[in-house]
Amino acid sequence: MIIFRYLAREVLLSMTAVTGVLLLIIMSGRFIKYLANAAAGKYSVEVVFLFMLYRLPGFLELILPLGLFLGVLLAYGRFYLESEMVVLKATGMSQRRLTMYTLGPALLVALMVSGISLVLTPAGAAKADLLLQNQSAIGEFDGLVAGRFQSTPRGERVSYTETLGENGDNMTGIFISERDAKAKEPRLVVVQAEKGRQFTSAETGVSYLVLENGYRYEGNPGEADYRQIKFKEYGIRLPEKEQVSSAEGLETQSTGSLIGGDAAQQAQLHWRISLPVLTLIMALMAVPLSKTNPRQGRFAKLIPSIVLYLIYLILLTNMRSYLEDGGGHVGLLWLIHLLFFALAMSLLFMKRFWRRKIRAVKRMLSRESADA
């Protein structure tokens, strides 16, 4: 029991460190993307951290299996490098017992991954999707930030205001530039006003931006036929807000609603169940792969092992996409798990067989080179 606690602690500590680093790298890239969209006015800055929070389970369900896999490789690789594994084997630690001890923390992580993939990830994806829809339904001037030029998503209008009230109205120092697409010859329209406010008609429900005390300039740069209009009050009709609908994507559906569904829903359901299985199989595979020669160092097999994990994950994701398009039976997804489970078992219990095969291939190649 003491050895089990020692091995489990080292594996979990290494897994936590690796998972933290990978999560920081991935979340940083996604945070920069969300922040750039917020700066462009697509949604408010306040919801960026909510996006990150709702998307966190989706990142963890893929990072935790890789973190456990690398944690076993790094922890056991250090044991081989510092001859601790030699001492453990001298006290009766066999390959089978080491594998059973490894399954302890692996089962714990697999339970965490199953809870995340079956419950937290779809719930977070649904909330993130609704949040995006709510942000897209916000009016053009609802997300305006004082002291910053902001353009619409299609770039047809650029707006600026010096000051802005707490409720998003009572603007001062307003500047608006847009193209008048309704004219026979599209012309640039620039509006400058001292004050402005948003107004919604109680009868029609149409929203307007009402500007006060300003000028409207119409023309094209480089041409002299400008029109200048001075106004005391000028109204701009705002586009209608999009209606918010419920989340409908496969990733946003709860696990219970996927049971008994169509081919795409079955593929999504089995994908969520596959992630805990992926965690256990990669933990089994990490035990024989962690054995290193002290001359090679603990990082000798790190890159090939990561490539093996990526191949496994890419095959699963591609098969999920193929099944969601109605391309086959969900058994194909489990066939990939079976192939990698067989590979893990062969690495665990047929290592001498593969060594003999590799040596035979090397001898054959050396004979051919000598004959040549």
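This is a predicted model: local features need pLDDT of at least 70, side-chain atom pairs count only at pLDDT 80 or more; totals for chains, interfaces and linings use all residues.
**Stop 1**

Select Glu10 and Arg78 and show their side chains. The two side chains meet in a salt bridge, with 3.1 Å from N to O. Glu10 sits in helix H1 (residues 2–39) and Arg78 in helix H2 (residues 48–81), so the pair ties together parts that are 68 residues apart in sequence. Side chains of opposite charge can pair when their charged atoms come close.

Are Glu10 and Arg78 buried or exposed? Both Glu10 and Arg78 are buried. For Arg78 the relative accessibility is 17%, and buried means under 20%, so Arg78 falls in that class.

**Stop 2: a third partner**

With Glu10 included, the selection now shows a network of salt bridges linking Glu10, Arg78 and Glu84.

**Stop 3: another charged pair**

Move to Arg216 and Glu218. Their side chains form a salt bridge in which the closest N and O atoms are 2.9 Å apart. Both Arg216 and Glu218 are buried. How many salt bridges does the count come to? The count is five.

**Stop 4: two helices side by side**

Select residues 263–289, which are helix H6, and residues 302–324, which are helix H7. How do their axes cross? The axes come within 10 Å and cross at roughly 165°. That angle makes H6 roughly antiparallel to H7, because angles over 145 degrees count as such. The crossing of H6 and H7 is right-handed.

Now pick out Leu315, which lies in helix H7. Leu315 has 38% relative accessibility and so counts as partly exposed.

**Stop 5: a nonpolar patch**

Which helix gives the largest share of the patch? Helix H8 (residues 331–349) does, with five residues.

End on Leu335, which lies in helix H8. Leu335 has a relative accessible area of 41%, so this residue is partly exposed.

Conventions: Residues are numbered from 1 along each chain as its sequence is written. Side-chain values use heavy atoms; hydrogens and water are left out. Helices (H or I, at least four residues) and strands (E, at least two) are DSSP runs, numbered from the N terminus. Buried means under 20% relative accessible area, exposed over 50%, partly exposed in between (1.4 Å probe, protein chains only). Axes are lines fitted to C-alpha atoms, for helices over the stretch in contact, and angles run from 0 to 180 degrees between N-to-C directions. Angles under 35 degrees count as roughly parallel, over 145 as roughly antiparallel, 65 to 115 as roughly perpendicular and the rest as oblique. A crossing is left-handed if the near helix is turned anticlockwise from the far one by less than a right angle, and right-handed if clockwise. A salt bridge is a side-chain nitrogen of Lys or Arg within 4 Å of a carboxyl oxygen of Asp or Glu.
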